[in-house]
Amino acid sequence: MSHIKRKRKSSVPSCSKMSVSVELEKTVAEQQTTMDDLEILSCHVLTESLLTSGSGFSNYQGIFNLSVVLLVLIHIQMCLENFTKYGLLVDPRQIVSYLLQDRYNCPALYLNVGMILFVFPALYLENLKTKSYSAETLGSVLQYIHLALLIAAPGCVVYCVKSISPGTDLPSRHSKMNDRGLKQIMYPWNLTIQDFCYFIMAPTLCYQLNFPRSKWIRKRFIFWRLFEMVFLAQLVLGLIQQWIAPIIQKSLKPINEIEFSLLMEYILKLAVPNQFVWLILFYWFFHCFLNLIAELLCFGDREFYLDWWNTNNLLNFWSDWNRPLHTWFIRHVYTPLLLHGFEKLQAQTVVFLISAIIYEYLISVPLQMFQFWIFTTVLAQVPLFWLMEKVCGGSYGNVILWGNAVLGTPLVVFLYFHDYYVEQIRSGPSWGLFF
């Protein structure tokens with residue numbers, strides 16, 4: 001009996017524990033329900049705004065699309081304003097009729113033909129150097145003289161002529177087979193008229209014994225390149241006649257005689273159409289023309305440009321937009337300077353200096369006016385390159401590069417032509433190529 005009583009006494013606390021645990025479970029369930037309700041009602045969490053740099057957001061496709069739409073609308077408005085103000089000025093017949101009036105108005109054609117004949121002595125000099133050591137020394141001296149004459153001849157012709165305005169397979173013992181079974185020409189048996197003419201016509205500035213060759217000529221490819229060249233040439237002439245010429249005719253003063261405020265307004269008005277012309281001419285020459293020549297000659301290396309429009313570095317921009325010239329500078333200027341003990345920055349500065357001289361020569365001699373704007377602009381790329389390396393990069397660097405492309409060298413080149421046009425109007429000749 002006493003044992004039974006003890007059991008009953010011990011069962012009472014267990015019942016009370018069970019009831020307490022049930023009540024606790026109900027309380028916890030109620031609290032959980034309350035927390036769930038609070039979470040449902042809660043609408044704030046710790047987060048950054050999307051446009052904050054620390055948010056990690058990077059999808060701005062909609063903003064880009066908006067920018068494209070606004071850009072298109074702005075240019076439509078500008079085109080309508082231009083057409084309303086000046087009417088339709090595009091007339092390709094003016095170009096043809098002007099060129100037919102005077103045969104000396106095509107100096108580039110005659111100069112190019114003359115320069116092609118002028119470079120043939122280089123083949124004779126190279127053959128002369130292979131005969132003996134003394135002949136090699138004499139040939140080297142004559143090559144320097146020939147190079148100087150080759151550079152000076154166009155300028156002399158432009159300034160002196162008053163009417164000008166702006167073979168067979170080699171024997172098998174002279175060749176070897178490469179890994180792919182193609183015949184490879186060896187020096188000095190490459191010194192032939194056939195090989196020399198191929199190098200002169202090929203879209204490259206650097207000679208090598210055996211150029212990469214394509215297997216066949218694609219006729220459809222040639223047709224499309226010709227079509228693009230004709231269409232884009234007419235488009236450029238139309239942009240000049242319809243958009244650029246009226247802006248130039250508003251100011252018949254050279255750039256250095258215009259007030260600063262008016263000069264800035266003038267430059268900004270010319271920036272957009274000039275950029276269009278520059279981009280079209282880049283595509284016309286580096287893609288259409290050079291690919292056409294390469295296709296006709298079965299020239300295999302078609303890397304005439306890289307994606308310079310995406311670069312964030314000024315040095316990469318200059319090396320990517322004109323690969324043939326960049327390759328020539330690397331091979332004949334930059335690498336020899338490094339081998340002679342120059343530092344990289346010094347060698348780069350020399351490359352930019354030579355580039356500035358070349359651009360100034362190519363622009364100033366045909367126009368017969370030396371103002372050194374293009375020389376200064378190209379040479380200023382050196383400190384700008386250093387500044388971009390130290391201060392900014394990434395997308396900011398790309399924005400600066402596009403600003404330089406719009407307001408930099410292309411616009412400066414066009415300002416040369418503006419001053420040339422003004423000087424022609426003042427002197428009084430019938431200069432009506434585009435106007």
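Let's start where helices H8 and H9 meet: their crossing is left-handed. Keep in mind as you look around that this is a predicted model. H8 covers residues 219-250 and H9 covers residues 260-296, and their axes come within 9 Å of each other, with a crossing angle of roughly 160°. Angles over 145 degrees count as roughly antiparallel, and H8 and H9 are therefore roughly antiparallel to each other. What sort of residues make up the contact of H8 with H9? Sorted by type, there are 27 nonpolar residues, three polar and five charged.

Now for the charged pairs. How many salt bridges does the structure hold? There are five of them, and we can walk through a few. Take Glu295 and Arg218, whose side chains meet in a salt bridge with an N to O distance of 3.0 Å. This pair links distant parts of the chain: Glu295 sits in helix H9, while Arg218 belongs to the loop between helix H7 (193-201) and H8, and the two are 77 residues apart. Is Glu295 buried or exposed? Glu295 is buried, because its relative accessible area is 0%, and the cut-off for buried is under 20%. Arg218 has a relative accessibility of 39%, so it counts as partly exposed.

Glu228 and Arg225 meet through their side chains, at 2.9 Å from N to O. Both lie in helix H8, three residues apart, which is about one turn of the helix. Why does that spacing work for a pair on one helix? An α-helix has 3.6 residues a turn, so residues three or four places apart point the same way. Glu228 and Arg225 both count as buried, with relative accessibilities of 18% for Glu228 and 9% for Arg225.

Next, pick out Arg323, which forms a salt bridge with Glu303; here the closest N and O atoms are 3.6 Å apart. Arg323 is in helix H11 (residues 323-339) and Glu303 is in the loop between H9 and helix H10 (314-320), so this pair ties together parts that are 20 residues apart in sequence. Arg323 has a relative accessible area of 15% and is therefore buried, whereas Glu303, at 43%, is partly exposed.

While you're at H11, have a look at how it meets helix H12 (residues 344-367). The axes of H11 and H12 come within 10 Å and cross at roughly 135°. That angle makes H11 oblique to H12. Which hand does the crossing have, left or right? H11 passes H12 in a right-handed crossing, whereas the crossing of H8 and H9 is left-handed.

Last stop: helix H14, residues 381-391. Which of its residues are buried? They are Gln381, Val382, Phe385 and Met388. If you look down the axis of H14, these buried residues fall within an arc of 130°, so they line one face of the helix. Turn to the other side of H14 and you'll see Trp386, Lys390 and Val391, which are exposed.

How values were computed: Residues numbered from 1 in each chain as written. Predicted model: local features only at pLDDT ≥ 70, side-chain atom pairs only at ≥ 80, totals over all residues. Heavy atoms only, no water. Axes fitted to C-alpha atoms, helices over the stretch in contact; angles between N-to-C directions. Helix = DSSP H or I, 4+ residues; strand = E, 2+ residues; numbered from the N terminus. Parallel < 35°, antiparallel > 145°, perpendicular 65-115°, else oblique. Left-handed = near helix turned anticlockwise from the far one by under 90°. Nonpolar A, V, L, I, M, F, W, Y, C, P; charged D, E, K, R; others polar. Salt bridge = Lys/Arg side-chain N within 4 Å of Asp/Glu carboxyl O. Buried < 20%, exposed > 50% of the residue type's maximum accessible area, 1.4 Å probe, protein only. Arc of directions from axis to C-beta.
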